[in-house]
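Please work through the exercises below with the sequence and the structure open beside you.

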Amino acid sequence: MIRYLFYLITAVFLVIVQTSIIPYMPGILKFYDFLVPLAVYFSLYKPLSHGLPVLAAAGLVMDMLSGAPIGIYLTTYLWVFLAFRRVARWVGIKDHLLFSMLAVLGVVFENLIFSAALISSSPRVFFTLESLELILLQVLWTVVTAPFLWLGFRYCFGDYGRIEAR
Amino acid sequence: MFSKKTMVAAGAVILIVLNGVVFSFNYIRQTSFTSAAAETALFFVSPVQAAVTGSINFGRDLWGNYFYLVDAAKENRELRRKLAEARLQIHECSEIRQANDRLKGLVDFKKDSDLSMQAARVVARDPSPWYRSVIIDKGSADGVEKGSPVVVPDGVVGQVTELSSGYAKVLLIIDRNSAVDAMVQRTRARGVVSGLSSESESIFDFALRKQNVRAGDTIITSGLDGVYPKGLRVGRVSEVIRRNSGIFQEVEIMPYADFHKLEEVLVVLNSPDIDEVLN
């Protein structure tokens with residue numbers, strides 16, 4: 001129970017960071033959604049029983065706080081969590097590289113879901129230079145920060161075993 | 001011939017006189033002997049004197065400066081601390097002054113308006129860069145309702161879409177899902193302001209080609225959407241494109257509200273009903 005509480009606190013902390021700190025930073029710091037790497041981390045290192053409730057709760061919180069259509073974050077996190085679970089068995093690369101790669105894929109995937117939602121709700125041209133720039137910046141920041149997040153998650157959750165040992 | 005006593009007295013007088021003559025003579029002219037003696041003495045002694053005096057002075061200076069430096073370093077630390085405090089106070093004063101200016105603007109706007117308003121502070125922004133909403137620290141307990149318009153003295157901000165007892169989510173007019181029924185203040189040409197998820201640009205949609213709209217025009221709310229009271233400023237027309245075909249013209253506007261610096265807002269509590277507007 002305490003473990004779940006700790007996971008939830010971590011998720012809420014990330015939510016607070018990206019709603020109350022990141023938006024006030026300069027324009028170039030258009031960070032991505034930190035909960036996507038968390039979902040990737042859970043998919044690689046945590047059992048289904050841990051990941052599902054935590055990511056569902058985090059997704060719902062994000063949906064409630066955002067102006068995005070309800071359920072879009074929930075969908076994203078659960079898809080990322082479920083889709084990347086078995087990847088570690090297929091791909092024989094080191095943990096942090098795999099994590100970074102999947103985090104980038106997760107961020108791109110989230111942006112695709114958001115793009116689809118925006119295109120379906122608004123007839124305006126979506127893929128403008130500005131929107132592409134926004135996606136590229138997010139990918140860039142993911143590449144830069146994902147290894148640090150991986151270390152941070154490992155430190156916080158105390159997972160020092162390799163993925164194969166799961 | 002002379003007594004011994006007389007001889008001694010006479011000798012003493014002669015010596016005194018001779019001594020006086022010699023001293024007088026020395027004051028008048030330097031002899032080569034005295035010069036050589038002085039030079040020799042200076043040659044041998046002065047360097048030692050200089051060394052000793054220098055050492056003493058060095059020691060004294062070192063001692064004095066050490067204590068001076070210790071004091072100076074202490075004073076320096078103290079002054080730096082005071083400077084940091086003063087800087088912090090200046091920063092705080094500057095923040096208070098800016099907040100005061102903003103709040104004064106809100107109060108003046110509230111006083112001049114017939115609308116009942118509730119001031120609120122922005123506590124969070126949308127986590128997604130694709131959507132534009134903010135969370136404010138006033139909710140149903142403060143009289144805020146779903147659909148309540150949110151404004152700042154500069155113009156319209158958005159409307160409340162979700163709320164709890166203490167907080168509310170406001171969909172900003174720059175969000176792609178937002179639509180505000182509006183009109184051109186000068187010509188009363190109507191249209192709908194839609195967001196592009198950009199802080200500096202929105203679209204004034206459905207303005208007929210035949211209607212007179214030009215750059216610099218002010219767009220205001222029409223009140224016909226039943227959400228926003230009539231006459232609130234929305235934005236300024238930045239560009240008008242009239243294509244050869246189509247019944248509408250493309251009008252880009254720049255919102256008056258500065259969404260990047262949104263910190264305090266006013267929630268309109270008695271928004272008029274659509275029937276009220278139409279009647």
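This is a predicted model: local features need pLDDT of at least 70, side-chain atom pairs count only at pLDDT 80 or more; totals for chains, interfaces and linings use all residues.

**Exercise 1.** Leaving aside its neighbours within four places in sequence, which residues is A:Tyr32 in contact with?

*Solution.* Once neighbours within four places in sequence are set aside, the contacts of A:Tyr32 are A:Val107, A:Gln138, A:Trp141 and A:Thr142. For one of these, A:Trp141, the separation from A:Tyr32 is 109 residues in sequence, while the C-alpha to C-alpha distance in space is 7.1 Å.

**Exercise 2.** Decide why A:Tyr32 is classed as buried.

*Solution.* Begin with the cut-off, by which a residue is buried if 20 or more other C-beta atoms lie within 10 Å of its own. A:Tyr32 has 28 other C-beta atoms within 10 Å, and therefore counts as buried.

**Exercise 3.** Describe how helix H4 and helix H6 of chain A pack against each other.

*Solution.* Two packed helices are described by the angle between their axes and the distance between the axes. For H4 (residues 72-83) and H6 (residues 95-121) of chain A, the axes come within 10 Å and cross at roughly 145 degrees, and the crossing of H4(A) and H6(A) is right-handed. Next, identify the residues involved: H4(A) contributes A:Ile72, A:Thr75, A:Thr76 and A:Val80, whereas H6(A) contributes A:Gly106, A:Phe109, A:Glu110, A:Ile113, A:Phe114 and A:Ala117. By class, the residues of this contact between H4(A) and H6(A) comprise 6 nonpolar, 3 polar and 1 charged.

**Exercise 4.** In what order do the 6 strands of the barrel in chain B follow one another?

*Solution.* Start from the inventory of chain B, whose secondary structure amounts to 3 helices and 12 strands. The barrel of chain B is closed by 6 strands in the order E1-E2-E5-E4-E3-E12, with antiparallel pairing. Neighbouring strands of this sheet are turned against each other by 45 degrees on average, direction ignored.

Then follow strand E1 (residues 117-125) of chain B to its partners. Towards strand E2 (residues 133-136) of chain B there are 3 bridges, and the two strands run antiparallel; here B:Ala124 has B:Ile135 as its bridge partner, and B:Val122 stands opposite B:Ile136. Towards strand E12 (residues 264-268) of chain B, E1(B) is joined by 5 bridges, again antiparallel, and B:Arg121 is partnered by B:Glu264.

**Exercise 5.** How many residues does each chain bring to the contact between chain B and chain A?

*Solution.* Chain B brings 17 residues and chain A brings 19 residues. On the side of chain B that touches chain A, E1, E2 and strand E7 (190-198) each supply at least two residues. That side of chain B divides into 8 nonpolar, 4 polar and 5 charged residues.

**Exercise 6.** What confidence does the predictor assign to chain B and to the complex?

*Solution.* For chain B, the average pLDDT is 82, and 87% of the residues score at least 70. For the complex, the predictor gives an ipTM of 0.78 and a pTM of 0.70.

Notes:
Residues are numbered from 1 along each chain as its sequence is written. Chains are lettered from A and ligands numbered from 1 in the order in which they are written. Two strands pair if DSSP finds at least two bridges between them. Helices (H or I, at least four residues) and strands (E, at least two) are DSSP runs, numbered from the N terminus. Axes are lines fitted to C-alpha atoms, for helices over the stretch in contact, and angles run from 0 to 180 degrees between N-to-C directions. Two residues are in contact if their C-beta atoms, placed from the backbone, lie within 7 Å. Ala, Val, Leu, Ile, Met, Phe, Trp, Tyr, Cys and Pro count as nonpolar, Asp, Glu, Lys and Arg as charged, and the others, Gly among them, as polar. pLDDT is the predictor's confidence in each residue, from 0 to 100. A crossing is left-handed if the near helix is turned anticlockwise from the far one by less than a right angle, and right-handed if clockwise. A residue is buried if 20 or more other C-beta atoms lie within 10 Å of its own, exposed if 12 or fewer, and partly exposed in between; C-beta atoms are placed from the backbone.
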